[in-house]
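Biologist: Can you put the model up and take me through the chains? I would like to begin with where they touch.

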Amino acid sequence: MLLKNTYNEFIKIIAKPRSYIGLAVLTALILVILFAMKADGSSYISFVTSSFEQTLSFNGNILNGNLIAFIILQMLIVHIPLLVALVTGDLISGEAAMGTIRMLATKPISRTKIVLSKFIAGAVYTLILTIWLAFLALVVVKWMFGSGDMIVLNSNGLVILQESDIFWRYGCSFIVAYLALLTVSSLSICLSAFAENSIGPIVTTMGIIILFTIIGSLDVTVFDSIKKFLFTTHMASWRSFFEDPINLKDIWQSILILIVHNILFVVIAVLKFNKKDITS
Amino acid sequence: MNEPIIEVKHLSKKFGNFEAVKDVSFTVNKGDVFGFLGPNGAGKSTTIRCLLSLISPNAGSIAIFGKQLASHRSQILNNIGCIIEKPDFYRYLSAEKNLEIFARISGSDSTKKDIQEMLEFVGLDGRGKDKVKGFSHGMKQRLGIAQTLLHKPDLIILDEPTTGLDPQGIIEVRNLILRLKTEQNKTVVLSSHQLSEIEIIANRMVIINKGKSVIEGSVESLVNEQELLLQIELSDAENAIKVIGMEYPTLKVKHLYGSTIEIALEKELVPKINYLLVNKGFEIHSLEPKRKLEDFFMKIIQE
């Protein structure tokens with residue numbers, strides 16, 4: 001029954017126009033970035049490299065597909081959660097608003113399975129969004145800008161990665177980025193179990209992300225103890241794969257915290273939905 | 001012997017401090033078309049939602065098909081079809097796709113052919129590919145009934161199935177329910193504000209008021225328990241009242257309007273009154289017994 005209802009959830013997601021908004025917006029944003037890089041990418045790069053030009057000499061195609069893919073990921077990882085929440089925040093509350101939740105809940109399928117099938121469908125939608133992002137960032141961008149060694153500026157300075165050493169890093173960073181987006185999906189589905197309309201969970205998800213991000217970026221000792229437990233702190237962990245050497249301990253810690261958040265959101269949603277009186 | 005399909009005992013449900021259902025008990029037997037009556041806010045919808053496990057009761061027990069709902073939820077729901085208030089569907093999907101979705105989780109092996117046949121049964125043949133967002137209220141209601149019947153349940157629960165329908169739609173749904181009973185021997189629980197509808201369709205009923213079940217029994221016997229009101233339209237109302245008063249001084253006779261009088265009497269007296277008036281030279285234009293469920297219902301909820 002879980003698989004049957006998950007299949008139903010896919011049919012609903014595919015048929016809903018809002019499911020395509022995320023993919024369309026993502027494509028449009030990447031095209032805008034690509035246009036900007038094509039038109040004025042060299043000055044953007046010289047802004048970064050100018051401070052090193054007295055000690056280093058940069059040769060070859062610095063503004064290549066590898067670097068632009070990194071820039072795209074860095075820029076969009078803030079905005080993609082909204083696109084994810086737009087669909088996943090509607091999965092339970094949208095049914096309540098439409099009245100179909102009554103029909104679903106009177107069928108011989110347990111409420112736990114109804115919620116789990118929505119989490120699975122949300123996870124698959126998020127995966128499709130991430131794969132689409134990866135396709136645009138790695139395939140299309142590389143096709144347009146070519147490949148080459150990659151320079152990354154991080155808190156420890158400039159890291160230069162050889163072309164042959166990059167692809168696996170992107171593979172791993174997309175997996176961690178997916179886990180971060182999955183956490184957003186789980187949060188919005190969890191909030192959706194509490195609401196009777198779609199707007200509430202979507203706005204609340206974004207509100208929580210903004211609030212946690214602000215808490216994480218404030219250099220105030222009172223927040224130091226909680227920062228490492230906020231999922232937003234670990235949403236940019238994908239970047240760690242572009243450091244040299246890679247701090248695997250930090251990455252595993254981030255993965256663990258994101259997984260714990262996902263489990264927590266699923267459990268809360270299942271408990272809430274099982275106890276909920278459906279009066280809509 | 002009557003086989004109970006639904007047994008509700010001392011059901012109660014609170015929302016915060018508000019006690020929507022205080023003490024509702026009733027039994028629905030196999031093959032019944034069971035009327036579920038009550039004024040607005042009496043607790044009908046809450047009780048029906050409890051029957052379908054949409055709402056968890058605070059106290060009392062619900063047994064359906066001889067099993068406790070709390071412990072056999074999926075098994076019981078597998079054999080129930082229902083419409084709660086209005087059937088809501090995925091507007092962005094076609095009628096066929098909607099039926100496919102609900103059939104898939106209803107534990108039925110409905111094929112595309114079954115879906116087509118069901119659409120035909122409810123009069124929506126040829127509209128299966130159309131998106132539900134373009135459907136009228138009546139069409140959605142009929143699609144709701146198709147969804148209810150597709151997995152061939154033994155028990156059908158319909159909460160206000162004719163709300164918002166035009167007269168033709170009401171008659172269609174009514175006939176459909178009668179067909180379910182006569183052709184398929186389904187047990188139907190029907191909640192409705194249309195008392196005349198219950199009177200025509202149902203064989204048994206319960207009336208609930210202020211969260212409590214007030215009376216339960218056969219529709220015919222409950223309605224027949226009350227005094228008959230006979231309305232007679234005749235040539236001279238004022239004189240007719242005098243004539244009846246002289247012959248039957250204990251009867252309550254009143255002038256209703258125009259040339260119509262109303263008499264409260266025993267059923268056996270109807271032919272005698274008719275004979276008396278005709279013998280005294282009155283022209284009888286119509287003679288109508290008014291012992292209706294509506295009067296009975298009003299009497300019960302005002303007590």
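**Chains, helices and domains**

Modeller: On the chain B side 21 residues are in contact with 22 residues of chain A, where contact puts the C-beta atoms, placed from the backbone, within 7 Å. This is a predicted model, in which local features need pLDDT of at least 70 and side-chain atom pairs count only at pLDDT 80 or more, while totals for chains, interfaces and linings use all residues. Residues are numbered from 1 along each chain as its sequence is written, and chains are lettered from A and ligands numbered from 1 in the order in which they are written.

Biologist: Which elements give two or more residues to the side of chain B that touches chain A?

Modeller: Helix 2 (73-77), strand 6 (80-84) and helix 3 (95-104) of chain B. Helices (H or I, at least four residues) and strands (E, at least two) are DSSP runs, numbered from the N terminus. Helix 3 of chain B gives the most to that side, with four residues.

Biologist: How do the residues of that side of chain B divide?

Modeller: Into 13 nonpolar, five polar and three charged. Nonpolar covers Ala, Val, Leu, Ile, Met, Phe, Trp, Tyr, Cys and Pro, charged covers Asp, Glu, Lys and Arg, and the others, Gly among them, count as polar.

Biologist: What angle do helix 1 of chain A and helix 3 of chain B pack at?

Modeller: Helix 1 (residues 2-15) of chain A packs on helix 3 of chain B at about 160 degrees, with the axes 9 Å apart. Axes are lines fitted to C-alpha atoms, for helices over the stretch in contact, and angles run from 0 to 180 degrees between N-to-C directions. The two helices are therefore roughly antiparallel to each other; under 35 degrees counts as roughly parallel, over 145 as roughly antiparallel, 65 to 115 as roughly perpendicular and the rest as oblique. Helix 1 of chain A passes helix 3 of chain B in a left-handed crossing, meaning that the near helix is turned anticlockwise from the far one by less than a right angle, with clockwise being right-handed.

Biologist: Which residues meet there?

Modeller: Lys4(A), Asn8(A) and Ile11(A) from helix 1 of chain A, and Lys97(B), Ile101(B) and Arg104(B) from helix 3 of chain B. By class, that contact has two nonpolar, one polar and three charged residues.

Biologist: Now chain A by itself. How many helices and strands?

Modeller: Eleven helices and two strands. The order from the N terminus is α-α-α-α-α-α-α-β-β-α-α-α-α. The radius of gyration of chain A is 21 Å, close to the 19 Å that the globule rule gives for 280 residues, so chain A is as compact as a globular protein of that length. That radius is taken over C-alpha atoms, and the rule is 2.2 Å times the number of residues to the power 0.38. Along the principal axes, the C-alpha atoms of chain A fill a box of roughly 70 × 45 × 25 Å.

Biologist: What does helix 4 of chain A do with helix 9 of chain A?

Modeller: The axes of helix 4 (residues 80-88) and helix 9 (residues 199-217) of chain A come within 9 Å and cross at roughly 150 degrees. That makes helix 4 of chain A roughly antiparallel to helix 9 of chain A, and the crossing is right-handed. Helix 4 of chain A contributes Pro81(A), Leu82(A), Ala85(A) and Leu86(A), and helix 9 of chain A contributes Ile202(A), Thr205(A), Met206(A) and Ile209(A). Those residues divide into seven nonpolar, one polar and no charged.

Biologist: And helix 8 of chain A against helix 9 of chain A, at what angle?

Modeller: Helix 8 (residues 167-192) of chain A packs on helix 9 of chain A at about 130 degrees, with axes 9 Å apart. That makes helix 8 of chain A oblique to helix 9 of chain A. The crossing of these two is right-handed.

Biologist: Last one: what are the domains of chain B?

Modeller: Domain 1 (4-219) and domain 2 (226-302), with bounds from an automatic or database domain assignment. Their C-alpha centres lie 40 Å apart. The contact takes ten residues from domain 1 of chain B and six residues from domain 2 of chain B.

Definitions and conventions. Contact = placed C-beta atoms within 7 Å.
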